[in-house]
Amino acid sequence: MKIATALLLAVLAAGQKNDQAEVQLKAAMHKELVDGDLKGALEQYQKILASFGSNRAVGAKALVQIGQCYEKLGKSEARSAYERVLREFAEQQEPARVARETLAALGA
């Protein structure tokens, strides 16, 4: 009984952490896409990556958004963000596809 309770609590905690990561990711995307605050969004994406990088889906999405922010700012760091997606999160299909296509368009 104690093991089942502990397992249930662990699952619930993991679910809450995943929800929190998604909420923070959406807030950063709002800052980027609606508010137009690219530098503020970059800071949020980097914090998300540091805090929730073990959530592979969220980490890959955050890196793609980091790359897009850098592109909009005309910064060369965009390429390294996309390369990192392919190097560290290649199993995340949609972010990896976006990274590959963008790198091809950038002339990688």
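Tutor: Accessible areas here come from the Shrake-Rupley method with a 1.4 Å probe, and for residues only the protein chains shown count as cover. By that method the accessible surface of the chain comes to about 6,700 Å², of which 57% belongs to carbon and sulfur atoms. This is a predicted model, in which local features need pLDDT of at least 70 and side-chain atom pairs count only at pLDDT 80 or more, while totals for chains, interfaces and linings use all residues. Residues are numbered from 1 along each chain as its sequence is written, and side-chain values use heavy atoms, with hydrogens and water left out.

Student: How many helices and strands are there in the chain?

Tutor: The chain has five helices and zero strands, where helices (H or I, at least four residues) and strands (E, at least two) are DSSP runs numbered from the N terminus. The order of elements from the N terminus on is α-α-α-α-α.

Student: What makes the span of helix H3 agree with its 17 residues?

Tutor: The expected span of a helix is 1.5 Å times one less than its number of residues. For helix H3 (residues 56-72) this gives 24 Å, and because the end C-alpha atoms are 24 Å apart, the two values agree. After H3 comes Gly74, with a positive phi near 75°.

Student: Why is Ala81 called buried?

Tutor: Buried means under 20% relative accessible area, exposed means over 50%, and partly exposed lies in between (1.4 Å probe, protein chains only). Ala81 has a relative accessible area of 5%, and is therefore buried. This residue is found in helix H4, and, leaving aside neighbours within four places in sequence, Ala81 is in contact (heavy atoms within 4.5 Å) with Leu63, Ile66 and Gly67. The C-alpha atoms of Ala81 and Ile66, which are 15 residues apart along the chain, are separated by 6.6 Å. In H3, the buried residues include Leu63, Ile66 and Gly67, and of the 108 residues of the chain, 33% count as buried.

Student: Why is Gln24 called partly exposed?

Tutor: The relative accessible area of Gln24 is 29%, so this residue is partly exposed. Gln24 has its place in helix H1 (residues 2-33) and touches Ile48 and Phe52, not counting residues up to four places away in sequence. Between the C-alpha atoms of Gln24 and Ile48, 24 residues apart along the chain, the separation is 7.1 Å. Across the chain, residues 24 or more positions apart account for 50% of the contacts with a separation of 6 or more.

Student: How do you know that H3 and H5 are roughly parallel to each other?

Tutor: Axes are lines fitted to C-alpha atoms, for helices over the stretch in contact, and angles run from 0 to 180 degrees between N-to-C directions. Angles under 35 degrees count as roughly parallel, over 145 as roughly antiparallel, 65 to 115 as roughly perpendicular and the rest as oblique. The axes of H3 and H5 come within 9 Å and cross at roughly 25°, and the two helices are therefore roughly parallel. The contact is made by Ala60, Lys61, Val64, Gln68 and Glu71 of H3 and Pro95, Val98, Thr102 and Leu106 of H5.

Student: What makes H4 and H5 oblique to each other?

Tutor: Helix H4 (residues 77-88) and helix H5 (residues 93-106) pack at an angle of about 140°, with their axes 9 Å apart, and H4 and H5 are therefore oblique. Residues making the contact include Tyr82 and Leu86 of H4 and Ala99 and Leu103 of H5.
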